[in-house]
Each structure stands twice: as C-alpha cells, then as structure tokens.
Amino acid sequence: MEDPRHAGFLHNTHSFFHRGLNQMPWYRDLELERHGAVYLEPEFNVALILKGGQVLEWWTSFEKTVESFARFSRRDAETLQQWRERFLPIVQKILIPESQSPPVPLDRRRTLLERSPEGRLLMEVSALSPLEFVLKEFEHPVIQAGLLFFNGLREVDLRCNGLGHHIPTLLASTSKAQMCRGGSEALARALTAAVQESGGEIKLQAQPRRIIVENGRVAGVETGAGNVFRAQHFVASGLNPQQTFLELLEETWVPREWRERAQNFRYNLIAPLFALNLNLNDPPSYRAAEQNPQLESAFMVILGLEHFEQFPELVRHHEAGTIPPTVMWGSCPTRFDPAQAPPGKHTAFMWEKLPYRLRGNPANWDSEKESHGKAMLELWTEYAPNLKQAVLDWFVRTPLDTERTFPNMREGDLLVGTFARGQIGYHRPFPGAGHYRGHLPGLYLCGGCCHPGGNITGLAGYNSAQVILADLGLSAPWAPTSAEECLKRL
Ligand SMILES: Cc1cc2nc3c(=O)[nH]c(=O)nc-3n(C[C@H](O)[C@H](O)[C@H](O)COP(=O)(O)OP(=O)(O)OC[C@H]3O[C@@H](n4cnc5c(N)ncnc54)[C@H](O)[C@@H]3O)c2cc1C
C-alpha cells in the first residue's frame, strides 16, 4: 500500500517474503509473468547479524552458505551438507508432491512411507521436534539459533513433535526468499488479471453474511449488503473454520460434532507479528558492513538473536502476554526495487513476534504500539547507526491490527491455525474436513486453515481446485500426479 501521508512510499503491510513463489505450479499455469508479476530472488538471501558484528549467511548458492556456516563451526557445515544430501530426494519426491496435492489419509501415508528408505527417514526425523533435531545435530549456538529461527520458528512451534522434518526440509529446499517487484500487491494484480482474462469477476468490499443452504445443499452466499450470489455448483470458503461453520452457516445445518471441531480449531500462539515500517532518506547501513561490505546486499536481515535459549524465553513471554527481548527480522525492499519509494528515497521494515493478548488484553496494543515501535527503532539504530538521521517517518502495525484487517487471521495468527494439535495434513483444519470438503454437498474450503497451511503459497486453493473439479467430474489437465501415486512410486 502507498503511505497515505507520504506519496510514493510503498509498504508491504501484509506479506513480503514469498518463498520460491515463481516455482509454484499455479504461477506457471496462470502465466502470471505474462500478467505482470516479476519475482526477485536476491543472492545474499538471509543475514543473521550478531551484536559483535559477525554474520551467519544464507545464500542462494548452497556452497556459499556452507562457507559461512564453516566460519562458525566446520563440523556444523559438514552436518548441513550431509542433511541436505539426505533430504534433497525427500523434498523432491515426497514433500513437494504432498504440498501440491490433496493430502493422503494418515494410515495410508504411513504404510506407503514405510516402504522406502526415504520415507522411513522422513518419519524418523518427523517424530522429533525442530528443537530436538537442531540440538541433536548441530553444535554451535549461533547456528542452532539461526536454523531454529530462519527455518523453524516462523512457521511452527519448535517444541512440537511431528515437525522435526521442518529444519532438514528447509535446509534442502531450493526455494529461497523472494519478493515481488512493485510490492506484494503486484502479485494480487497479476492474479486479478488472470481471473478476469478467463471470464471471472472479483467483488471487493463484500462482507459475507451467510452461506445459503437449500434442500441440504449449499446454494450461494448472501452479503451483509443483502446481495445474493447464487452458486451453480459450489461455494469455496477461504475463511477460517469458525467463520465458515459457526458464523456463516445456520446452526441447524451444522452437525454438533462439526460445530465442536470448528469451535476447537486453535491458532498459533507465536505467529502474531508486530511491524515497524520506515520511510527513509537512505537505506539502513549496518555497522557490521564495515567488515563485511556484502551485507549491504542482504535481502532478509535478522537482529537480536544470539543463542537458541531465546526461543523458550520467547514462548514464555507469549504465554504470559509480555514483551520478550527483541528478536526481529525484515528488509529494505527499495535496495532491490527502487520504484517502491520516490527517487533516491527508501523504505524498510522489521517484524517481531509479539503476543496477541498483550498483558491479557489485545486492546492494550492501541495504547502501547507507539512506545514499542520506538524501542524497536532504537535497537535497529544500534545495528544501523545511520537510521538516527535517515528516518523521515514511521508507523507500526500490531497483532490486533492484523486481526482487524483479516478477521480470518484470528488472534493475529497469520498462518490461520496452529500446526500443533494434529491440525496438519489430512486432519487440517480438523478430522473430516481435511480434504477441502465441507459436510454439505457443494461446500468446500480453500484457505490457510487447510493443508498445507498459511503463507503465500497458493497451494491450499490449488489443491482444493483439484478436489472440486474431480467432484464435478471435470478433468484438470494441469493437476499434478497425486500425492498417493508419488508415494507409491518411492
Ligand atoms: C503482517 C503479515 C505479514 C505476513 N508476511 C508473510 C510473508 O512474508 N510471507 C508469507 O508467505 N506469508 C506472510 N503472511 C501470511 C500470509 O499472508 C497468510 O498466511 C495467507 O495470506 C493466508 O492465506 P488465506 O487465503 O488463508 O487468507 P487471506 O490471504 O487472508 O485471504 C482471506 C481473505 O478473506 C478476507 N476476509 C476474512 N474475513 C472476512 C470477512 N468477515 N468479511 C470479508 N472478508 C473477509 C480477508 O480480508 C482476505 O482478503 C503475512 C501475514 C501478515 C498479516
């Protein structure tokens, strides 16, 4: 969005880091580049800057990442290489196909995985928590912290068993952090153009009031303004389970057990974000760049993280609703795409994970946001002293603002549902609804509350479309080989 107080300064107040987006199958199928989307993938992908000025680096070149790890610990660099080699086939043959298809029922999945060495290794590592995996495999505190943060904490609860594969998966992943030229909004514009070209229409500012059910079948949607959109074949809800099953459907149409399961759908305690956005005369110039000039070209920068013990502390603060010592990450988009600010000017932002219920009440954010924004800026300035003069203006967005803007991101959970409590794969959002189908004919789910979860991946919608077309008896020539078939071929 454009800063309403400063013309020409664009800010990505929603998502910014889009992992491997231009490798997504729907991105190719919808020909989004023809519709104007351009993705940038800076080579110096992530920098964890320590107080003392050392930097742990992730590059699009795996060899350069290994070199950086080796400067901290030769043994950890070797471990990184070994896990990457072992996990690369798992990512390519199992995890990517699984993320791009409706999930396989759990028992069936287990049986198929047990048949191959790759499948067995995946199950063995998954049984751990990301925390257990990293502490078992890596020795250096900075590497442990960096892996857990960059490869774990942003997505999952690090203490959760069943998610241990997250770290090696991301170590082996060839998808790096990317940004959309022109701002993340440019992706939405390209998608809109693709929808319109194929005869679709997008209605903005429409508040759904109820899902219409006729003769036991979903028949359309009525908006708060009283407009009725009748569905010829189906309604697909991109909202969360409470919205879909408890708010939009009349109680009589939802069986008690579905109501209870929707009611019990849980959100991610540690997902909410606090954002500090800056308008700048100059980009942040990090003190650490004096020794490491390449740092000027680092895409994602992490600050305030020195050792892994900060994670349990962070979780404790989230549980208590208090503000932990700051760990933050962000970028200066205009270093890569100058058009996101007026000529010669810049924008930059930092995100911090902070509790939704600040001291027990999310409303406290409204009175405390400015002071926290100032504290973040002070800390940022310790790492990048030029910010003292360079800042033209700034504003913040709180976890409560996230929920206000996106009611589906309940409790500020931008992943739309925790990955704990069995809310994954075939059981996401809950058992019975894990295949994008609601309980009524014609009702489907397609948002981040479904497999494979939140983030800008487009895959929940992609997978839901596969199920809908199959139910309608229509062929989907674009659909990939099913996850079950891929697992059978292992
Ligand atoms: C500040 C922030 C930063 C993020 N950064 C990243 C990032 O860098 N990388 C990344 O991959 N992901 C990021 N995310 C997460 C990502 O945006 C979400 O996980 C993803 O958008 C979820 O997709 P979805 O389709 O489920 O929901 P959405 O994309 O939120 O789509 C649901 C739509 O429904 C609308 N809606 C909801 N309720 C109602 C209602 N009652 N009436 C009318 N409309 C309604 C919403 O406004 C929204 O337009 C970020 C999110 C936030 C908030």
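**Exercise 1.** Is arginine 256 buried or exposed?

*Solution.* Start with the cut-offs: buried means under 20% relative accessible area, exposed means over 50%, and partly exposed lies in between (1.4 Å probe, protein chains only). Arginine 256 has a relative accessible area of 61%, so it is exposed. Before going on, note that this is a predicted model: local features need pLDDT of at least 70, side-chain atom pairs count only at pLDDT 80 or more, and totals for chains, interfaces and linings use all residues. Residues are numbered from 1 along each chain as its sequence is written, and side-chain values use heavy atoms, without hydrogens and water.

**Exercise 2.** Which residue meets arginine 256 in a salt bridge, and where do the two lie?

*Solution.* Step one is the rule: a salt bridge is a side-chain nitrogen of Lys or Arg within 4 Å of a carboxyl oxygen of Asp or Glu. Step two is the partner. It is glutamate 260, at 3.1 Å from N to O. Glutamate 260 is partly exposed, at 39%. Step three is the place. Both residues sit in helix α11 (residues 256-263), 4 residues apart, so about one helical turn separates them. Helices here are DSSP runs (H or I, at least four residues), strands are runs of E (at least two), and both are numbered from the N terminus.

**Exercise 3.** Which parts of the chain does the salt bridge between arginine 34 and glutamate 197 tie together?

*Solution.* First, the distance: N and O are 2.9 Å apart. Next, the places. Arginine 34 is in the loop between α1 (25-29) and β2 (39-40), and glutamate 197 is in helix α9, so the pair ties parts 163 residues apart in sequence. Arginine 34 is partly exposed at 48%, whereas glutamate 197 is exposed at 52%.

**Exercise 4.** Describe the salt bridge of glutamate 222 and the network it belongs to.

*Solution.* The partner is arginine 209, with the closest N and O atoms 2.8 Å apart. Glutamate 222 lies in strand β7 (residues 217-223) and arginine 209 in strand β6, so the bridge joins parts 13 residues apart in sequence. Glutamate 222 is buried at 12%, but arginine 209 is partly exposed at 44%. Now widen the view. Arg209, Arg210, Glu222 and Glu250 form a network of salt bridges. The whole structure has 27 salt bridges.

**Exercise 5.** Where is isoleucine 202, and is it buried or partly exposed?

*Solution.* Isoleucine 202 is in the loop between α9 (185-197) and β6 (208-214). Its relative accessible area is 42%, so it is partly exposed.
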